[in-house]
Amino acid sequence: MGKIALQIKATLENIGELKTNHPNYAFFLKIKCTNCGEVSDKWHDLTESERVNEDSRNPKGFHFYMKCRMCSRENSIDIIEGSNVSYLAEDSGTKKTIVAFDCRGVDPIEFSPRSGWIAKATENGPSFEDVDLSEDDWVEYDQKNKQSVGVYEFESDFIKMKK
């Protein structure tokens, strides 16, 4: 059982806050079985507002559940409640943890940001909904403040959290 944090780094242009559409944002992950080392070749999604595999052993279920196709081990991931935070203008260009996962039997190894982000422009500018970061860059125009806004050079990685 391990707690793993997703960290992101991006350059923000006239964006005061970048966040996921929590709790409905789907995190797309590639994972690795900690038992046999099998790495998934497809993307798996988990959303905090959805639970799967509810049974008598675990009536609440999991945010993500799967059986490893190589070793048949049962694995799960849960988003740690209350761990979602925003990436702010002052974080621009630095790594910051935006969410944490409780991983049992698997480790996330790759993250695909895709769509579902919310970008709030600076200077009381508008919020841009359903921002797509699948290309690692996003650009728009803030009509109210007459300036371009954007998210550039998006990067992510995972770190093991201390207990």
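These exercises work through the fold, salt bridges and charged surface of one predicted model.

Local features need pLDDT of at least 70 and side-chain atom pairs pLDDT 80 or more, while totals for chains, interfaces and linings use all residues. Residues are numbered from 1 along each chain as its sequence is written, and side-chain values use heavy atoms, without hydrogens and water.

**Exercise 1. Describe the fold of the protein chain.**

Step 1. Take the elements: helices (H or I, at least four residues) and strands (E, at least two) are DSSP runs numbered from the N terminus. The protein chain has zero helices and 13 strands.

Step 2. Take the extent. The C-alpha trace spans about 55 × 30 × 30 Å along its principal axes.

Step 3. Take the burial. Buried means under 20% relative accessible area, exposed over 50%, partly exposed in between (1.4 Å probe, protein chains only). Of the 163 residues, 42% count as buried.

Step 4. Take the contacts (heavy atoms within 4.5 Å). Among those with a separation of 6 or more, 59% join residues 24 or more positions apart.

**Exercise 2. Trace the salt bridges and place their partners.**

Step 1. Apply the rule: a side-chain nitrogen of Lys or Arg within 4 Å of a carboxyl oxygen of Asp or Glu. The count comes to seven.

Step 2. Start with Glu-38 and Arg-69, which meet at 2.8 Å, N to O. Glu-38 lies in the loop between strands E3 (26–33) and E4 (44–47), and Arg-69 in the loop between E5 (64–67) and E6 (74–79), so the pair ties together parts 31 residues apart in sequence. Arg-69 is exposed, at 57% relative accessible area.

Step 3. Move to Asp-78 and Arg-51, whose closest N and O atoms are 3.2 Å apart. Asp-78 sits in strand E6 and Arg-51 in the loop between E4 and E5, 27 residues apart. Asp-78 is buried at 15%, whereas Arg-51 is partly exposed at 34%.

Step 4. Asp-102 is buried at 12%; Arg-104 is partly exposed at 38%.

Step 5. Look for shared partners. Glu-38, Asp-41 and Arg-69 join into one network.

**Exercise 3. Locate the negative surface patch.**

Step 1. Set the rule: patch residues have over 30% relative accessible area and no salt bridge, with like charges joined within 9 Å and nonpolar side chains (Val, Leu, Ile, Met, Phe, Trp, Tyr) within 5 Å.

Step 2. List the members: Glu-129, Asp-130, Asp-132, Glu-135, Asp-136, Asp-137, Glu-153 and Glu-155.

Step 3. Assign elements. Strands E11 (127–132) and E13 (147–160) each give two or more residues. The largest share, three residues, comes from E11.

Step 4. Check one member. Asp-132 is found in strand E11 and counts as partly exposed at 37% relative accessibility.

Notes. Areas by Shrake-Rupley, 256 points an atom, 1.4 Å probe, with all protein chains shown as cover. Lys, Arg positive; Asp, Glu negative; His and termini not counted. Charge placed at Lys NZ, Arg CZ, Asp CG, Glu CD.
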